[in-house]
Every structure is written in C-alpha cells, then in structure tokens.
Number of protein chains: 2
Amino acid sequence: MRLALLGGTGDIGQGLALRWGYNTDRELLIGSRDPEKARNKAEEYTTELESRGVEADIKGFENAMAADRADVVICSVPAYHLVETIEAVADRLDDDTVLVTPAVGMKRDDGGLHYNRPGAGSVTALAADAAPDSVALVGAFHNLPAGRLADLDATFEWDTVIVGDDEDAKEIVATLAEDIDGLRALDGGGLGNAAEVEAVTPLLINLAMNNEGLHDLGVRFQ
Amino acid sequence: MRLALLGGTGDIGQGLALRWGYNTDRELLIGSRDPEKARNKAEEYTTELESRGVEADIKGFENAMAADRADVVICSVPAYHLVETIEAVADRLDDDTVLVTPAVGMKRDDGGLHYNRPGAGSVTALAADAAPDSVALVGAFHNLPAGRLADLDATFEWDTVIVGDDEDAKEIVATLAEDIDGLRALDGGGLGNAAEVEAVTPLLINLAMNNEGLHDLGVRFQ
C-alpha cells in the first residue's frame, strides 16, 4: 500500500512520514507544491531513518504526482490550504483512493487558541465537499502534536479519533494509525461528528500554554 | 471549607459528593429544589460511605439554603437549568463565594452527540453572565463520566480542565479537584477558553457509543 503525504514537508506530515518510515515498510510519497522541496525532504527523512538503522522507501513528488500514485492520500496541509490542495489533485484520485484530512481550523485571541468552525460544520466536512464524490474521505490524526510525533526518541500513549462515513476506508486508516507505536485508533463515528474531534486541538495547545511542564500534548480517552 | 452541590441529587453531583465524602473530610451540603429529596440523598450518600467505613459530613438543603452556607458552590445541574439555578441563589452568594459550573450543552442527531455552543460563547460564560459580578465563576468537572465517578470501586486517571478569570478561585477549585484520587487539575486559561473544554464531553459520549469495551470515558492529556 502506497501512502502519499501531500504537504508532507510540513510539521504533521513530517511526523507521520518519519513514524511510518520507522514503524512500517510502507512506500511513502512525500508531496509538495514544489517537487524539488519534496525530494529534498524525502531524502532528509530517509537519511534520518538510516541513521537509526532503518531502510525506508520514501520519495518526493509534486502533490498531484504523489496523489496519482497512492492508495491512501493524507492531506497534511494547513486548513486554509486544504480545499485548494484537494482540488489540485482531485482528477488524480481513483475511486478506491482513501483521502485523509488531519486539518483543524483555529483562531487566536488574547486568551488562547479557539476552534474556528467552518460553515460546513467541520474542516473534515469542508474536505469532503471538496473531494470527488467517488472518493472516501476520512478525518484522522487531528490531535497529534507534530513536534513529539516527529521526534523518534519520544514515546507516547495517544489516541487518534477516526471519523468518516465509509467504514472500509475508516478501517484502512485505523490500521495505518495503529502501525505507529503508541497510537491507538478510536472510532468517532460519522463525518458529522468531526467538529468535536477537531476542537480538541486548540484545547491541547491552551493546556500546553497554561501548565508548566506540559508540552506537545496528545490525548488519551480512558 | 463548606461545599454546596446544587442539584447534588443528580448524576455528576452524586459522583462529586461521594468522591469528596470518601477522599476528604470536607463538609458537604447537598442542594435540591426539593429539600426533602436533598435530605434523602444526603442520607443515602452518608450510608454508602459508612458501609465503606467512612464517616462523612453530608447534609441536605433546599438549593438557596445550601448556597447560603457554602464557601464553594458547585452548580451540578443540567445546562438548561443552569441560569435559573444561579439566579435563584444569587442573593445568597457572598463576595468571596466561588461558583463552579460543570455544565455542558449538547444536542443529539442520528450520528451522535454534539456540542451546542450558546451565543454567550460557552455554557460556562452563560453561567458567568447569570452570576453576580462580585462572585468568581470557575468552569470545572465538565468531562467526568458520572457513572464511574459515583462508583467508589472504580479507579481512574483523568484530567479536569479548570477555566476562569479569577486565579485565586481557580486555585481553590484545582485543590478540590485534586482531593479526588486519580483526578488531575489542569489550567485551561480564562473563561474565553471554556468552549473547547465543554466540547470534549459529547466527544467522550460518541467514543463510548462507537468503540466496544469503552464506557464512561474520561480524558487524559499527556
């Protein structure tokens, strides 16, 4: 199974790429609007994994090319780039491609970060609206702190909540999530339940801001 | 320090009363609109704690009487009774009373439960608007599952996020929270950060609905 990480040069994309490279032998396609940047990052991840004795299969491509070749496409771009990124690759997605979004919309005020709920109901729903109808859209990986995820020396016990209306696609994404050591996939229900999942992300940042000694928080439901 | 639990005959109020009765020697005032019901519940809690060898100081009163006598008043009533409950006791609150709300507004659709954000920004903010200006309002205990909280055989490792604009009042509530074995208090920042805390509650219920073997979930940030 080939995984594409569109925007895979950025924070959450880097974390997922390194973890999947470290914990699995899956073929990883790093996507970027700039193919040169994608190739450089792919090489950087490969080198880091090699330094830990792991031989990973990571290549860099322009986003559309990465999406074209992948079975699962993770749009690891900021919320404000999500729709344009999906639209730019839409005609490269097969009917059995699984499209995944971890994006969360946030706004900041003096007190902290806040969930910026879009009119569509959630950022995940926005992505579903932008994707071709034939493609299964899954929300996942919303609440993972990029820094600790990308630090292969860091261990954790986190949950990621999977939401979507296609059960088979959710199952595929849950399996990918649990390939990462320390990550448990929980079923959050349908796409209509995405807002409450996304809203955890600003809360995690507010908690890190307000509590000494807590940084880069994830969440565990227990 | 005297604690009043308005609506202390209901689910979350029962859980908090039993835990504080079990873990502390604080004086607990169970409030209800019906003083007879409050007295019966206070006796029921006392009997349950006695059966575990704990002698607790729990009495029942009509809500306003309980609020009048307490240093910390926890409004453990459903969101749709919150404002009227606060208004009914407002003239009994001293300037140094700390008022606490764990209430969360939720609505249900076919897919699950959803956070029902009020125009005020959060249910905690609604409570702050209803309370006298001189009284410190703190949001806490939003994300605790009542069933496991009230089951003294159950153990847990949960967080409760404390939000409010009065740091001294928050500190008092954080101490009360950490009096309960297994409960950690985290600082969520000001009242303006309450919505993201409240929104975790419907998520916890959706996760319990969609994942076999998970019931009565709390949350841990780590």
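The two copies in this predicted model meet through the same surface, because 100% of the interface residues of chain B are also interface residues in chain A. The contact draws 32 residues from chain B and 32 residues from chain A. On the side of chain B that touches chain A, the elements giving two or more residues are the strands β7 (112-115), β10 (183-189) and β11 (219-221), together with the helices α8 (194-198) and α9 (200-210). Which of these gives the largest share? That turns out to be α9(B), with 8 residues. Sorted by class, this side of chain B holds 14 nonpolar, 13 polar and 5 charged residues.

As for the scores, the model has an ipTM of 0.96 and a pTM of 0.97. Chain A has a mean pLDDT of 97, and 100% of its residues reach 70 or more.

Next come the helix pairs, starting with chain A. Helix α1 (residues 11-23) and helix α2 (residues 35-50) of chain A have axes that come within 10 Å and cross at roughly 40°. An angle between 35 and 65 degrees counts as oblique, and α1(A) and α2(A) are therefore oblique to each other. Their crossing is right-handed. From α1(A), the contact uses A:A17, A:L18, A:G21 and A:Y22, while α2(A) brings in A:Y45, A:E48 and A:L49. By class, that makes 5 nonpolar, 1 polar and 1 charged residues.

A second pair in chain A sits at another angle. Helix α4 (residues 79-89) and helix α5 (residues 123-130) of chain A pack at about 20°, with their axes 9 Å apart. Since angles under 35 degrees count as roughly parallel, α4(A) and α5(A) are therefore roughly parallel to each other. Here, too, the handedness can be given: α4(A) passes α5(A) in a right-handed crossing. On the α4(A) side, the contact is made by A:A79, A:L82, A:V83, A:I86 and A:E87, and on the α5(A) side by A:V123, A:L126, A:A127 and A:A130. These residues divide into 8 nonpolar, no polar and 1 charged.

Back in chain B, what is the angle at which the axes of α1 and α2 cross? Helix α1 (residues 11-23) and helix α2 (residues 35-50) of chain B cross at roughly 40°, and their axes come within 10 Å. That makes α1(B) oblique to α2(B). The crossing of α1(B) and α2(B) is right-handed. Taking part in this contact are B:A17, B:L18, B:G21 and B:Y22 from α1(B), along with B:Y45, B:E48 and B:L49 from α2(B). The residues of this contact come out as 5 nonpolar, 1 polar and 1 charged.

Definitions and conventions. Residues numbered from 1 in each chain as written. Chains lettered and ligands numbered in written order. Predicted model: local features only at pLDDT ≥ 70, side-chain atom pairs only at ≥ 80, totals over all residues. Axes fitted to C-alpha atoms, helices over the stretch in contact; angles between N-to-C directions. Helix = DSSP H or I, 4+ residues; strand = E, 2+ residues; numbered from the N terminus. Parallel < 35°, antiparallel > 145°, perpendicular 65-115°, else oblique. Left-handed = near helix turned anticlockwise from the far one by under 90°. Contact = placed C-beta atoms within 7 Å. Nonpolar A, V, L, I, M, F, W, Y, C, P; charged D, E, K, R; others polar. pLDDT = per-residue confidence, 0-100.
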